[in-house]
Amino acid sequence: MSTSELVTALAAEHAALYGYGVVGAHVTGAARESVKEAEEAHRSRRDALARLIAARGQEATPAEAAYTLPFPVTNTSGAVKLATHIEERAAAVWRAAVSATAGDDRKIALAALIDCATRASSWRRRAGLPGTVPFPGDH
Amino acid sequence: MQTADRHILGPPAEGACDDGPTMGRTGRNRRAGGPSRRTFVLAALAVGTVAGCDLLREPAEPAPDELEPVLAGALDLLAAYQAATTTHATLRDLLTPLANDHQAHADRLAKQLGRPSPSASGVPATPPIPGTSAGTKRLLAALELAAQRTASAATLIAPARHAELVAAIAACRATHVAVLR
């Protein structure tokens with residue numbers, strides 16, 4: 001993976017974690033559990049990515065203090081919509097990384113794409129939307 | 001050598017290697033008034049263009065191997081979904097959007113392979129559909145999982161120009177497994 005794809009993917013994972021912080025403040029019960037699982041997945045991917053970048057002699061960019069939300073989130077349905085948006089965006093970044101990579105790096109990108117697409121699908125169903133799209137990452 | 005060049009340079013721009021019109025133009029000049037200097041220049045350009053494109057162009061044949069099993073998987077899944085909805089009409093609302101995704105995959109893959117849009121009608125081997133809707137969902141989930149692995153394996157060997165497509169198909173099939181469980 002070239003450095004730019006690594007850095008872009010790392011930035012997407014930082015942003016996803018920030019976004020889930022907002023989502024988590026507006027949901028309870030099973031949705032809250034899903035948020036925790038998603039945070040865990042994104043955090044471990046972010047950390048692995050930061051280690052990979054460092055191992056290649058580059059500087060792993062830290063997270064921003066805050067990120068601009070795509071829309072205001074004031075209630076549960078807005079939070080679920082944001083969670084969907086987070087995963088769809090991350091899926092798009094990882095899908096782009098797939099074509100820019102080979103070998104083990106492509107495996108990492110594909111696994112991340114599949115994970116983000118599956119979580120996006122789960123959030124869409126929770127919002128009562130069609131659960132699947134034919135080409136995840138088309139956003 | 002050609003393969004390496006192709007990957008570094010990528011496919012040529014749309015129409016850049018369309019040698020048909022170039023050759024036609026040369027032919028018209030020849031018919032119009034015998035070989036002129038301009039004709040020779042055009043002919044030389046045409047030969048240059050064709051030769052240059054041969055180095056860069058994706059070969060029409062053989063078809064890219066990594067797409068074939070993914071397309072076959074999409075058609076097999078389509079056939080299984082058709083059989084499942086025929087047997088269990090109550091599953092139609094759940095299964096129809098998933099079948100539509102597979103048709104979209106088959107269409108896109110066929111386009112990449114330069115073929116007309118396929119349908120599942122020619123697929124001979126549809127697995128027997130279980131008598132219960134729960135059993136049918138389990139069967140479809142297992143077929144989706146196997147097909148997801150096929151697409152994932154294809155992603156890992158695909159050239160960059162096909163990698164995103166087969167990766168997206170792998171991801172879509174993974175979401176289907178989750179929906180069916």
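1. A:Tyr67 sits in the loop between α2 and α3 of chain A. Helices here are DSSP runs (H or I, at least four residues), numbered from the N terminus. The model is predicted: local features need pLDDT of at least 70, side-chain atom pairs count only at pLDDT 80 or more, and totals for chains, interfaces and linings use all residues. Residues are numbered from 1 along each chain as its sequence is written, chains are lettered from A in the order in which they are written, and side-chain values use heavy atoms, with hydrogens and water left out.

2. Buried means under 20% relative accessible area, exposed over 50%, and partly exposed in between (1.4 Å probe, protein chains only). Leaving aside neighbours within four places in sequence, A:Tyr67 is in contact with A:His14, A:Ala15 and A:Tyr18. Contact means heavy atoms within 4.5 Å.

3. Another loop residue deserves a look. A:Thr101 lies in the loop between α3 and α4 of chain A. A:Thr101 counts as buried, because its relative accessibility is 5%. Its side chain reaches the backbone oxygen of A:Ala97 at 2.8 Å.

4. Now helix α2 of chain A. It covers residues 29–55, which is 27 residues. From first C-alpha to last it reaches 39 Å, close to the 39 Å expected at 1.5 Å a residue. The expected span is 1.5 Å times one less than the number of residues. Buried residues in α2(A) include A:Ala31, A:Ser34, A:Val35, A:Ala38, A:His42, A:Arg45, A:Leu49 and A:Ile53. An α-helix has 3.6 residues a turn, so residues three or four places apart point the same way. After α2(A) comes A:Gly57, whose phi is positive, near 80°.

5. Which residues have the most contacts inside the largest nonpolar core? They are A:Trp94, B:Tyr81, B:Leu95 and B:Leu109, in a core of 57 residues. Helices α1 (3–24), α2, α3 (76–99) and α4 (103–126) of chain A each supply at least two residues of this core, as do α4 (67–87), α5 (92–112), α6 (133–157) and α7 (160–180) of chain B. Apart from it lies another core, of 16 residues, among them A:Val27, A:Val73, A:Ile86 and A:Trp123. A nonpolar core is a set of buried Ala, Val, Leu, Ile, Met, Phe, Trp, Tyr and Cys residues joined through side-chain atoms within 4.5 Å.

6. B:Tyr81 has several partners. Leaving aside neighbours within four places in sequence, its contacts include B:Leu95, B:Leu98, B:His102, B:Leu140 and B:His176.

7. Next, the two chains together. 26 residues of chain B are in contact with 18 residues of chain A. The chains bury about 1800 Å² between them, 69% of it on carbon and sulfur atoms. Buried area is the accessible area (1.4 Å probe) that two parts lose on being put together, summed over both. B:Leu156, B:Glu164 and B:Thr175 supply 29% of the area that chain B buries against chain A, more than any other three residues.

8. How many salt bridges join chain B and chain A? The count is one. B:Glu164 forms a salt bridge with A:Arg95, with the closest N and O atoms 3.0 Å apart. A salt bridge is a side-chain nitrogen of Lys or Arg within 4 Å of a carboxyl oxygen of Asp or Glu. On chain B, α5, α6 and α7 each give two or more residues to the side that touches chain A. The largest share, 15 residues, comes from α7(B).

9. A:Arg95 also forms a salt bridge with A:Asp138, the closest N and O atoms being 2.9 Å apart. This pair links distant parts of the chain: A:Arg95 is in helix α3, A:Asp138 is in the segment after α4, and they are 43 residues apart. A:Arg95 is buried, because its relative accessible area is 12%. A:Asp138 is partly exposed, at 41%.

10. Over all chains, the count comes to eleven salt bridges. One of them joins B:Glu68 and B:Arg115 (2.5 Å, N to O). A:Glu13, A:Arg45, A:Asp115 and A:Arg119 are linked in a network of salt bridges.

Technical notes: A polar contact is a pair of N or O atoms within 3.5 Å; within protein, one must be able to donate a hydrogen and the other to accept it, and residues adjacent in sequence count only if both atoms are side-chain atoms.
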